[in-house]
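Thanks for coming, everyone. I'll keep this short. Please look at the model on the screen while I talk.

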There are 4 protein chains.
Amino acid sequence: MSNSKKPRKTPVQARSRATFEAILEATAQILDADGLAGVTTNRVAERAGVSIGSLYQYFPSRDAILAELVRRMRLSMSARLLAANAVARDLPLEQAVPMLMEAAVHQYQAEPRLTAALEEAETRLPRSADVLAEKRRVRDAFVECLRNRGVEQPEEAALDMIGMTRGMVMAARGAQEVDYASLRTRIARAAMGYLTYRLPGG
Amino acid sequence: MSNSKKPRKTPVQARSRATFEAILEATAQILDADGLAGVTTNRVAERAGVSIGSLYQYFPSRDAILAELVRRMRLSMSARLLAANAVARDLPLEQAVPMLMEAAVHQYQAEPRLTAALEEAETRLPRSADVLAEKRRVRDAFVECLRNRGVEQPEEAALDMIGMTRGMVMAARGAQEVDYASLRTRIARAAMGYLTYRLPGG
Amino acid sequence: MSNSKKPRKTPVQARSRATFEAILEATAQILDADGLAGVTTNRVAERAGVSIGSLYQYFPSRDAILAELVRRMRLSMSARLLAANAVARDLPLEQAVPMLMEAAVHQYQAEPRLTAALEEAETRLPRSADVLAEKRRVRDAFVECLRNRGVEQPEEAALDMIGMTRGMVMAARGAQEVDYASLRTRIARAAMGYLTYRLPGG
Amino acid sequence: MSNSKKPRKTPVQARSRATFEAILEATAQILDADGLAGVTTNRVAERAGVSIGSLYQYFPSRDAILAELVRRMRLSMSARLLAANAVARDLPLEQAVPMLMEAAVHQYQAEPRLTAALEEAETRLPRSADVLAEKRRVRDAFVECLRNRGVEQPEEAALDMIGMTRGMVMAARGAQEVDYASLRTRIARAAMGYLTYRLPGG
DNA sequence: GATGAATGAGGATTCATTCAT
DNA sequence: GATGAATGAATCCTCATTCAT
């Protein structure tokens, strides 16, 4: 019995592959334009230029399409983070952290609406081991970066830095802000400030 | 021209008032328990102990119920922020900021699931002038606090601080973290660090 | 959480009751005309003169409609059997058995196609305690009748007599036979013969 | 005018023959395991190790596959009956009848689920001359056996004996009874009793 | 001949909303 | 005002069948 969230058939032939990708692409477009509620299987099929039957040849359910997109997004985010972490390996904290934050921001900045919709989808979908693993890798990249540079409580700090990144991008997006260069600088500042500031009472 | 998102009638009589509130309370309970998707008008009516027909006497649509709850949440958040700002009027930045951050966190901390569901509802609903105004007041409270204490770019900083607050609470919640005292401290630290840190290159 | 095979709402008002019965009646007509495969919810609703939404107010699923019809059929069969058994209480075997057989045959004879369709439905549906109980009562009526008159292995004999009844009616129906008086006589003969015949070797 | 229920081509070559049989075998397996509803053409093709396109080279429709299986079942039943009748040619009624009954029971006993599924399929399918002919031969075997031994109304009696056989086996199966030796004895007893018993009033 | 990708009519079910009583 | 029965558009999904490669 195959996992119902996995693609139903692994596309090997060229035509199959194209259909498979067309369905994902159509779904991403609709998510970006109309959000999660706009994604109906018939609409996806229509936009993909495919019959509803074909859609169900490749995905066992509507959720499976969303799950695949979420999986790809998380995969892409973790890949970017790991790459940034590798590049920053020998840099000091104040140079390494901005690089990681920039990597973390990238996806939100590149496709803000799609990413928000996919994160919403992620909360609706059953927890997926794949997705959890990728998120764990992102956090681990932060943890490693911080621990190697002597930061205390690196697990907690990683969580906080990921959270503030996401929160600040979303807030900027909500306020229609478009100066991403400035935003990245502020996010890096927030992270470094968080790591170095000592509260008066603490 | 009647705004379809406003309650259909202003309840003046006691019984009307009670029914009106019962519907909102029922909706809030369902949102907290099952999220936005669990809110169906029939279910709300049933839990409120009201017929579906009566529900539509008080609210013109399902969305109108959600809009009213969103409005109240934003109202409550801005009230809390304004109060905190008033109390902190004469305190220095490093004492005022934690007070504001704490006020901003409160709602998320007190009812995390309900608040998340209402924010999700908010993104689905058409922009409401009421809600925008309350959010503006929250931001203005931050702006005033910062400007009075000589912080540069207070508009931008207010936005960032609100964003990081929300982001860090949500991340903590997603990681099942429950030590809110620690979380509040870290959020205050992030805010103060953000305001005071100078990037090497900047 | 209510049993999903039970009617969703117990109809108390006159209009409700009428709708409820109209749905069952429409389903029975379709079963009789086209068999189980002809029963689609939309078709039932249409024939009942009711919207599809109304149908689902009264029954949680297509199967629930069928289950209710099966339940009624079994109820009616057991009632008839028990009545016959009561009437035959003081009669000797050779008079009692034909009465029971006649009662057992009645439903098949009165509505052969509908009954066949409902029995087919019964095998598809999850076992229902109600239905099993009614079937048990039918068998128990036979058992009691036989045991009181000194028949050996009355449980087994009851099962066999019920089986032969059903088999002979169905075969007659398949052969387009319509002389039910003759059929009943033969069924009674088969039953009595079964009970009294001694195999040469046995 | 091509009968759409007939196999599309007569397989002469070995490979064709093998494919044809594989499809039938796969269908029989699915029928036995999951009943008529489990038989989908794609599933049959998959289990037969054949593409769906090939399946439609050998059978014009799903029903044609089922029809062929029904035809074979009836063929096999009639062959067994005719053989039993031949063997019993010179035996007296009370020895001949049990032999015929046993032959009639055999198929139900050997593959109860498959046989039940095929009989269900038979009722769904359009009447087939082939199938009717085989059923006629079964009945004729009984008729001949009875007439030769002086039984009155042999046509009617044959019908009744076939019916009671089927009914008793099905009832036993429904009751999870597995002692087929006992069952066969009882079926023979029912048949002989039916043939010899004289109702008091008759 | 074989393949399997593609088709789309059709079926079950939900739920916001209306309106007769 | 209140009630709740009724509505039907919209949604997810299946499966027999076709046809380009």
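**Copies, contacts and DNA**

Let's start with the pairing. Chain A can be laid on chain B by a turn of 178° and a shift of 0.1 Å along the axis, with an RMSD of 0.3 Å. That relation is the one of a two-fold axis. The superposition is by least squares, on the C-alpha atoms of residues with pLDDT of at least 70 in both copies. Both copies use the same surface: 96% of the contact residues of chain A recur in chain B. Contact here means that the C-beta atoms of two residues, placed from the backbone, lie within 7 Å.

Some housekeeping. This is a predicted model, in which local features need pLDDT of at least 70, side-chain atom pairs count only at pLDDT 80 or more, and totals for chains, interfaces and linings use all residues. Residues are numbered from 1 along each chain as its sequence is written, while chains are lettered from A and ligands numbered from 1 in the order in which they are written.

Now the A–B contact itself. Chain A puts in 28 residues, and chain B puts in 28 residues. Which elements of chain A give two or more residues to that side? They are helix H8 (154-174) and helix H9 (180-196). Helices are DSSP runs of H or I, at least four residues long, and strands are runs of E, at least two long; both are numbered from the N terminus. H8(A) gives the most, with 12 residues. By type, the side of chain A that touches chain B has 16 nonpolar, 6 polar and 6 charged residues. Nonpolar means Ala, Val, Leu, Ile, Met, Phe, Trp, Tyr, Cys and Pro; charged means Asp, Glu, Lys and Arg; the others, Gly among them, are polar.

The other pair next. Chain C goes onto chain D with a turn of 178°, a shift of 0.1 Å along the axis and an RMSD of 0.3 Å. Of the interface residues of chain C, 96% are also interface residues in chain D, so these copies meet through the same surface.

What about across the pairs? Chain A and chain C have no contact, and their closest C-alpha atoms lie 21 Å apart. Chain A and chain D do not touch either; there the nearest C-alpha atoms are 12 Å apart.

In the contact, 13 residues of domain 1 meet 13 residues of domain 2. On the domain 1 side, helix H1 (14-34) and helix H4 (62-87) of chain A each give two or more residues. H1(A) gives the most to that side, with 6 residues. That side divides into 8 nonpolar, 2 polar and 3 charged residues.

Last, the DNA. How many residues surround DNA strand E? The count is 34, and the closest are Ser51(A), Gly53(A), Thr40(B), Thr40(C) and Gly53(D). A residue is near a strand if its C-beta atom, placed from the backbone, lies within 6 Å of it. Helices that supply at least two residues of this surface include H3 (52-58) of chain A, H2 (41-48) of chain B and H3 (52-58) of chain D.
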